[in-house]
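Please walk through this structure with me, from the overall fold to single residues. Have the sequence and the coordinates at hand.

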Number of protein chains: 2
Amino acid sequence: MVIRYPNGKQFKSNSNEMTEKKKRIIKKEKDISFSNRGKTLEDEINDTNIYYLNQQIAIIHKKPVPVQIVKVEYPSRSAAVIREAYFRTPSTTDYNGVWNGYYIDFEAKETENRTSFPLKNVHQHQVTHMQQVTNQKGIAFTIVRFSSLDRYFVVPFNILYEAWTTMENGGRKSIPLNVFETKTFEIKPGYNPKIDYLSVMTNLIVNEE
Amino acid sequence: MVIRYPNGKQFKSNSNEMTEKKKRIIKKEKDISFSNRGKTLEDEINDTNIYYLNQQIAIIHKKPVPVQIVKVEYPSRSAAVIREAYFRTPSTTDYNGVWNGYYIDFEAKETENRTSFPLKNVHQHQVTHMQQVTNQKGIAFTIVRFSSLDRYFVVPFNILYEAWTTMENGGRKSIPLNVFETKTFEIKPGYNPKIDYLSVMTNLIVNEE
């Protein structure tokens with residue numbers, strides 16, 4: 001139901017619940033139009049991928065956000081405008097490509113948490129996809145940024161999978177920082193490339209074999 | 001016109017010719033309204049990729065169409081609606097993934113032409129991307145369907161590139177059918193998978209090395 005003021009303007013509740021919802025909406029809008037926590041790491045990785053591309057080190061791209069397009073207008077003398085579309089659930093991870101004959105496939109995740117990485121940041125379809133990629137001898141991993149610590153880790157799929165199955169069996173719902181420090185590969189952020197994640201690929205390949 | 005029996009039941013012709021003709025008309029209408037030339041090959045490849053995925057033969061997905069999202073609405077209790085967005089030019093090909101440790105990357109093209117494949121169907125960014133993939137030891141190719149002939153070919157990147165540079169140097173603007181017949185790999189369409197393009201990968205790898 002829409003409530004209107006006498007001047008015709010729409011009434012908007014200021015209750016806390018509403019504000020929380022608004023915040024979520026604004027956050028969501030930011031996700032799409034500007035940048036948020038996720039976008040920051042995304043930007044860094046995109047910059048890194050451009051560096052790899054220009055230096056002919058690897059061809060890795062972020063996949064576009066999948067949308068279901070329902071209505072498109074074609075104004076004369078200008079570009080087609082999508083007027084109705086919906087977000088679809090992706091069936092894969094966000095990044096893939098090729099490096100030196102290897103198929104590379106990964107997801108990028110950030111957390112503000114200082115002591116562990118909550119697994120709620122990871123989705124079932126991503127785990128399933130990375131499992132399939134691993135079965136096909138591709139290299140699957142997750143780049144995790146602990147934003148508050150400014151630390152970056154490349155997490156081999158088998159480490160993520162171990163934690164994921166532990167959680168599914170009723171165990172811990174996060175990966176503690178010390179597991180990152182002992183079982184994954186830390187990347188020191190640089191100037192260019194910003195996040196040189198390919199520098200640990202050799203370790204990752206040895207780790208998986 | 002609907003013809004009815006005295007009891008009100010609708011008259012239905014039983015003549016074979018009519019039924020066959022009707023079927024063809026219905027088939028044609030379907031072709032036009034629900035799918036177009038491009039869509040048809042895309043559907044066949046998507047079905048093939050689902051088969052590969054289910055059979056654990058390969059993990060190959062079509063990339064989403066890249067769009068620049070400008071405006072999103074969040075109606076309460078329902079999914080976010082994109083209200084303004086624009087198509088962006090892709091920087092890669094449409095399909096990629098991993099098969100048995102190999103990075104696979106390709107584009108799908110159709111032509112109604114019966115004697116040659118016009119290179120205007122191919123875009124510079126696709127050629128550039130496939131060149132980069134080849135340099136990184138990935139497998140790049142184009143699946144070309146001659147729709148009027150119902151013939152499918154897997155075209156190794158080097159063959160496409162040869163024709164592309166010839167055109168750029170003022171030469172022929174298409175690839176003649178006989179080049180397809182002698183220098184590329186024909187796929188006979190099957191039931192499931194429909195277009196078993198991975199069946200020629202071994203030839204393609206030998207061809208590129």
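What percentage of the 209 residues of chain A count as buried? The figure is 40%, where buried means under 20% relative accessible area, exposed means over 50%, and partly exposed lies in between (1.4 Å probe, protein chains only).

Some ground rules come next. This is a predicted model, in which local features need pLDDT of at least 70 and side-chain atom pairs count only at pLDDT 80 or more, while totals for chains, interfaces and linings use all residues; side-chain values use heavy atoms, with hydrogens and water left out. Residues are numbered from 1 along each chain as its sequence is written, and chains are lettered from A and ligands numbered from 1 in the order in which they are written.

Chain A has six helices and 10 strands. Helices (H or I, at least four residues) and strands (E, at least two) are DSSP runs, numbered from the N terminus. Contact means heavy atoms within 4.5 Å. Take the contacts in chain A between residues at least 6 apart in sequence: 63% of them join residues at least 24 apart.

Now the helix packing. Two packed helices are described by the angle between their axes and the distance between the axes. In chain A, look at helix H3 (residues 124–135) and helix H4 (residues 157–168). Their axes come within 11 Å and cross at roughly 135°. Here axes are lines fitted to C-alpha atoms, for helices over the stretch in contact, and angles run from 0 to 180 degrees between N-to-C directions. That angle makes H3(A) oblique to H4(A). The classes are these: under 35 degrees is roughly parallel, over 145 roughly antiparallel, 65 to 115 roughly perpendicular, and the rest oblique. The crossing of H3(A) and H4(A) is left-handed, a term for a near helix turned anticlockwise from the far one by less than a right angle, with clockwise giving right-handed.

Which residues of H3(A) and H4(A) make the contact? H3(A) supplies Gln124(A), Val127(A), Met130(A), Gln131(A) and Thr134(A). H4(A) supplies Phe157(A), Leu160(A), Tyr161(A), Trp164(A) and Glu168(A). By type, the residues of this contact of H3(A) with H4(A) are six nonpolar, three polar and one charged. Ala, Val, Leu, Ile, Met, Phe, Trp, Tyr, Cys and Pro count as nonpolar, Asp, Glu, Lys and Arg as charged, and the others, Gly among them, as polar.

Turn to chain B. The axes of H3(B) and helix H4 (residues 157–168) of chain B come within 11 Å and cross at roughly 135°. H3(B) is therefore oblique to H4(B). The crossing of H3(B) with H4(B) is left-handed. Among the residues making this contact are Met130(B) of H3(B) and Leu160(B) of H4(B).

The largest nonpolar core has 45 residues, and Leu160(A), Ile175(A), Phe180(A), Leu160(B) and Phe180(B) touch the most other members. Such a core is a set of buried Ala, Val, Leu, Ile, Met, Phe, Trp, Tyr and Cys residues joined through side-chain atoms within 4.5 Å. Beyond its neighbours within four places in sequence, Leu160(A) contacts Leu119(A), Val122(A), Met130(A), Thr142(A), Val155(A) and Ile175(A).

Next, Arg172(A). This residue sits in the loop between H4 and strand E9 (174–176) of chain A. Arg172(A) is partly exposed, at a relative accessible area of 46%. Not counting residues up to four places away in sequence, Arg172(A) touches Ser116(A), Leu119(A), Ala163(A), Thr166(A) and Met167(A). Arg172(A) and Leu119(A) are 53 residues apart along the chain, yet their C-alpha atoms are separated by 9.1 Å.

Is His129(B) buried or exposed? His129(B) counts as buried, at 1% relative accessibility. Its place is in helix H3 (residues 124–135) of chain B. Leaving aside neighbours within four places in sequence, the contacts of His129(B) include Ile59(A) and His61(A), along with Tyr103(B) and Asp105(B).

Finally, the backbone. The peptide bond from Asn192(A) to Pro193(A) is cis, with omega near 5°. Pro193(A) lies in the loop between strand E10 (185–187) and helix H6 (201–208) of chain A. In chain B, the bond from Asn192(B) to Pro193(B) is cis, with omega near 5°.

Arg77(A) has a positive phi, near 60°, and is not a glycine. Arg77(A) is exposed, with a relative accessible area of 87%, in the loop between strand E2 (67–73) and strand E3 (81–87) of chain A.
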